[in-house]
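Please look over this model with me. My notes follow the structure.

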Amino acid sequence: MISIKDLHKSYKMGDNSLHVLKGIDLDIDEGELVAIMGSSGSGKSTLLNILGMLDLADEGKYILDNVLIEGLNETTAANYRNQFLGFVFQSFNLINYKNALENVALPLYYQGFGRKIRQTKALEYLEKVGLKDWATHLPSELSGGQKQRVAIARAMASQPKVLLADEPTGALDSKTSNEVMSLIQQINHEGKTILVVTHELDIAHMCKRIVTLKDGVIVEDQKVDQVIVESHV
Amino acid sequence: MFSRDSWQEIFETIRKNKLRTSLSGFTVALGIFIFIVLFGFGNGLKNSFKQFFLDDATNTLWVYPGKTSKPYRGFKANRRIEFENSDLKDIKENFKFFVEDVTPRINRSSRVRYKGKSDNYSSRAVAPGHQYIEKTIIMKGRFINEDDVVNKTKNIVIGRLVSQDLFKDEDPIGKYLEMGTSAFKVVGVFQDQSGDREERLIYMPYTTRQLLEKNNDKVNSIIVSFRSDLGYATALVFEKQLRLFLKNKKDIDPRDNNGIRIRNVADQIRQNQQFANVLQIIVAFVGIGTLIAGIIGISNIMVFVVKERTKELGVRKALGATPKSVIGMVLQESIFITALSGISGMICGIALLRNLGDRLEEFFIIDPYIDNITAVVATVLLILFGAIAGYLPAKRAALIKPIVALRDE
C-alpha cells in the first residue's frame, strides 16, 4: 500500500538547516495497523505529514497504492489527499461553526457528492462511531473523545486508502483514549490501513506493528502482539 | 464554482458567522451610504450656490458713471459723469442689433409709513424691463409698466418683506402708503430668489422719481440687456463698442478708464462658474476620499477574515480542497456580502437624499441629489476593490502548506 525509499527532509532555520529525516525506508501492506513511535524531535510527525502530502520530501521515492507521488503542486496534492487519505489530528481540527454531521460531510463535498448523498453517508459514518444522536451538535458541545470520534468519522467518510492519525489520543484522558483506539482497531479490523503516530508505548502496543524513529532514522521495526481494547461505545 | 452546492456552502458559512458577515457588510454599506450622502450634499451646496449667484439674468451689462481722470476736448479732468434719459434712447437706437432692453436705475432711501408703522426702505426707480433683469417674481398685482413710466404715476411695487412688515395679513394691493413726502399706491408685491435684502426693496417708475426731484432727467445707472444668443465673444465686442460710444458722447478720453464703468454679468458668471467648478472638485475630492476610506476598511476586514479562517482553510485543504476552490469560496462569499450590503447602502443613501429635499435649506443645502451613474459606479468600485482585497490574502492562504495552516492557533 505504502512504499517509501530513502526519504530525506530538512528544514531551513535561518542559516542552519535541520536534517529531520535522514533516509527512511518503509513498506506498509494493506490492512496493517502501524504505530510510529519516537520521542519528540525524532521526525515521526514530519514523516506522517509527508505521507499525508501535507508536506513535501526533499529527496526519495514515495509510492501510495501503486501511484508514484512526485512533483506535487497544491492542486494535485489536494486531489490525492481527497482520494487516498483520511486525517485524524491531535487537536481534532473540526470546523467549529459546523455541526458534527456537516463536519463529517465536508470531505464528501470536495469529492463532488450531492447534498443528499453527503447527508446520508455522513450520518452513516456518525452512526459507526456511535454519535448519530449528536449529529446536530457543534464541536463546542462535544467532549474531547466525542470530537475525536467525529474527526475519525470525517476521515473515514471519504473512504480513503489510508488513515493517518497524528497523536489521536494526545489530548485525551486514558479512558477516552481507549475508546478512540478501540474505534481505530475496529476500523482496521474491517481492512483499512492505518498509521498512528504516538509517543505512548501502551497506545503503540494496541497496534500490530511498531516502527520506532530516533534522530531521523528507523531504529526498530517489529510486529507486536496486539492488545485488543474492549470498549463499550 | 457557482454551483448550487457552493452557494449552499457559502450561505451556511454566512449564516454561522454572523459577526464576520455583519462587520464586513456594515463597512461596505456605511462606506457607500456616506459617499452617496456626502456627494448629494455637495450637489446641494452647488445648487444653493447657483441660486445665490446665478439667479439674475446673465445677458446684461451694468453701466455706471464715474469721474474722468484725463482732460479731453476742453474739459478738465475729475469731471463727474452723469447719465440722463437721452442716453437710454441713444443706446437703444444705436445698438439695435444687440440690445433687447434698456432700463435705468435710480437708488434712493426713504422713510415709509403706513397706518402708524414706519421704517426706512431703499427704493429703485426703474423701467418695466428691470423685472426681467433681476428675475423679479410677481406674487400679487403687477410690476411697473410702460403706462406708469409715460404718465409718471405714483404706483409702486413692494417686496414681500415690506408687505409683511407694514401690512401684516392685510392685502396691500390698492392701499396707499407714504414714502418721503408723497403718497404712493401699491400695485404689486414681488419676491426674489436672491435673498432678504432684495425683498425689502420698493420699485417705482423712474420718471416719477425724476418728477419728484425737480423734474430732472438724471439716472444713476443704466442696465442693458442684450440678446442671449449672442455668445460670450460677441458680448465682449458689444461691451467694447458701447463703451466707446458712451465715451464719445460724454466727451471722455478713449484712453480714460475711469469715466464709465461697465460690469459685464457674462464675465462675472464665468468667474462664478469657475467657483462652482472648484466646489465640484471639492465635492469629488470628499467623495473619492470617502470611497478610499471604505475600500481600506473592507480590505482590512478581508485580511482579518482570511487570517481568522487560516486554520479552517488548512483543514479544508487537508480534506481535499484545492487552492482554487479555497480562493473561490472566499471570493464568492466576500463578493456576495459586499454586493448585497453595497447595494442596500446605496439604496438607503439615495432614499435619504430623496426624502431630505429642501429640509436642509438653512445649511445651504438645496435639493441634494446624486445621479444614478455615479452611485452605481461607486458601488461597483467598492465591490470590485473588496473582491481584490479579499483575493490577495485568500490566494496567500490557499498556497500555504496545509500543515502550516493547521499549526496556526
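This is a predicted model: local features need pLDDT of at least 70, side-chain atom pairs count only at pLDDT 80 or more; totals for chains, interfaces and linings use all residues.

1. Residues are numbered from 1 along each chain as its sequence is written, while chains are lettered from A and ligands numbered from 1 in the order in which they are written.

2. Start with the cores. A nonpolar core is a set of buried Ala, Val, Leu, Ile, Met, Phe, Trp, Tyr and Cys residues joined through C-beta atoms within 7 Å. Buried means that 20 or more other C-beta atoms lie within 10 Å of a residue's own, with C-beta atoms placed from the backbone. The largest nonpolar core has 110 residues, and A:I36, A:V104 and A:L195 have the most contacts inside it. Helix α12 of chain B (residues 372–399) gives the most to this core: nine residues. Helices are DSSP runs of H or I, at least four residues; strands are runs of E, at least two; both are numbered from the N terminus.

3. A second, separate core has 45 residues, including B:V63 and B:F226.

4. Now the sheet. Chain A has an open sheet of six strands in the order β6-β7-β8-β3-β9-β10, with mixed pairing. Two strands pair if DSSP finds at least two bridges between them. The edge strands β6 (85–88) and β10 (217–223) of chain A each pair on one side only.

5. Strands β9 (residues 209–214) and β10 of chain A run antiparallel, joined by six bridges. A:I210 stands opposite A:Q222 in β10(A).

Terms used: A residue is buried if 20 or more other C-beta atoms lie within 10 Å of its own, exposed if 12 or fewer, and partly exposed in between; C-beta atoms are placed from the backbone.
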